[in-house]
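Good morning, and thank you for making time for this presentation. Please look at the structure as we begin.

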Amino acid sequence: MANIDVFVPSTLEEAVAFLAHHGDRAIPIAGGTDVMIDTRIGRISPEWLVDLRALSGLSGIEYDANGFRIGALTRIRSIELDQGLRQRSTALVEAARVLGSVQVRTMATIGGNLCHATPSAEMPPALLVHHGIAEIAGPDGIRSIPLGQLFVGPGHTSLEPGEILVRVTCKAANPSSASSAGSCYLRQTVRWAMDLAGVGVAASIEVDEAKVVSGAKLALSAVAPVPLEVDVVSDMLVGKELTPQLTKEVGRVAAEACSPISDVRGTAEYRRQVVAALVPRALYIAWLRATQNWPVGKLAPINGVLSEEE
Amino acid sequence: MLVELKVNGFPYRREVAPDTTLLTYLREVLELTGTKWGCLTGDCGACTVLVDGEPVVSCLQLACQVSGHEVTTVEGLDTAGELNDLQAHFVSNGASQCGFCTPGMLMSAEALLRNNPDPSEAEVREALSGNLCRCTGYNKIVDAVLETAKARAMAVSAVPDLSGSSSSVGS
């Protein structure tokens, strides 16, 4: 790195003003696990790194009756180990546990994972199936957008100069109520650790008293330039009982809906087949959780292949 | 930029360039060369140290971002030149060959054992999954960590009063 200076703002307003003034000559840094590599290999060459870590109020996980809020500076490791999230959004915990290594998860933040906008990132699909809303601070104050609108393309977000992602708000069933929702994140990789997703699949299912599906969401990573929401899943599943044939059909439709590339982690055609295989498993595990047929807090196998007793 | 760190219990104050990594601060400023300079992309884990008890890859950590915090490196494990039990079990198990990954392995394993004194083999492998070793095939390293856990559990069970003892770190 060539003599990059570090600015440490003491307030969010100060950080916003500094970033707005310096444009792309200044890059926010939190955990540093992406920014430090990007600066070292010359993918970005900022004059300033703006250290957000000391900003107060941007870290932590809060719950209410409708869901949860995660501050942008919350570490991936904190998400992985949070027992409340494990009950409310198993998908998010399952996505957190496969990101990088223990060391990387200890450093990396959820805000960084989202704003780096890697198509294969783990956090976006898991948050999208929980109706994630991104809260963004900027020169004109705070604005909120559906999380999906944050992603523009590989490495590109819709954040304007001076804007900082501060929080993501999600919907999730309260575990103390008669819980009727479940979610799941599965991933295909060559290695279990320190690898990017070949394909990532997040699913959430809500059911009514008769176990009829009343809500369904599906989101994929690593198979399109941005995290991909498969909206048609709602039309295909709501009002019906989940059957193996139905989940397979959703998998087939999802495989058609995505636009993967061929790279070192797999060909486009292979990725489509993996989508078709993972989607039914993710939907089924989310459904098992929604119908209380899954041990509370137990995480699924990373590729969703269940053993006999499961 | 002034960076103040407590490293292995000793306080240091050094003026360094703002973009100095914790790895460079440790190796080149403090000359604590036990922490290894590996891939510089966070993949290999050879530079793993503990910050407030939690493992981080020091190659991706700006030193100024952890100013005021406590850092433990491999030099902080032994007592007056006597290896700690984890290091001793690495030796007795042949868990180190070329030795380049060993400091990082030790720090990841030490962080695991302080947080989880009775890990399963799967938990040990998961905790070490960010540390690459190209010599041992990992099994002897895993054995060394599991043996250390067992030995520490026996030592603890031999102590009659456990009140006030703590196995957590950095919580």
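Predicted model: local features only at pLDDT ≥ 70, side-chain atom pairs only at ≥ 80, totals over all residues.

Over all chains, the structure holds 20 salt bridges.

Let me begin in chain A. Arg25(A) and Glu47(A) form a salt bridge through their side chains, at 3.5 Å from N to O. Where do the two partners, Arg25(A) and Glu47(A), lie? Arg25(A) sits in the loop between helix H1 (12-22) and strand S2 (26-29) of chain A, while Glu47(A) belongs to the loop between helix H2 (35-40) and strand S3 (48-51) of chain A, so the pair ties together parts that are 22 residues apart in sequence. Arg25(A) is partly exposed, its relative accessible area being 36%. Glu47(A) is likewise partly exposed, at 41%.

The next pair is Asp263(A) with Arg271(A), whose side chains meet in a salt bridge at 3.0 Å, N to O. Are these residues buried or partly exposed? Asp263(A) is partly exposed, with a relative accessible area of 34%, whereas Arg271(A) counts as buried, at 3% relative accessibility. The cut-off matters for this reading: a residue is called buried when its relative accessible area is under 20%.

I turn now to chain B. There, the side chains of Glu110(B) and Arg152(B) meet in a salt bridge of 3.2 Å, N to O. This pair links distant parts of the chain, with Glu110(B) in helix H3 (residues 102-115) and Arg152(B) in helix H5 (residues 139-157), 42 residues apart. Glu110(B) counts as buried at 5% relative accessibility, and Arg152(B) counts as partly exposed at 22%.

Salt bridges also join into a network, whose members are Arg77(A), Glu80(A), Arg105(A) and Glu126(B).

Finally, I come to helix H10 of chain A. This helix covers residues 244-257, has 14 residues, and reaches 20 Å from its first C-alpha to its last, close to the 20 Å expected at 1.5 Å a residue. Which residues of H10(A) are buried? They are Leu246(A), Thr247(A), Val250(A), Gly251(A), Val253(A), Ala254(A) and Ala255(A). In an α-helix there are 3.6 residues a turn, so residues three or four places apart point the same way. What covers the buried residues of H10(A)? The cover includes strand S13 (213-221), helix H9 (232-237) and helix H11 (268-290) of chain A.

Terms used. Residues numbered from 1 in each chain as written. Chains lettered and ligands numbered in written order. Heavy atoms only, no water. Helix = DSSP H or I, 4+ residues; strand = E, 2+ residues; numbered from the N terminus. Expected span 1.5 Å × (residues − 1). Buried < 20%, exposed > 50% of the residue type's maximum accessible area, 1.4 Å probe, protein only. Contact = heavy atoms within 4.5 Å. Salt bridge = Lys/Arg side-chain N within 4 Å of Asp/Glu carboxyl O.
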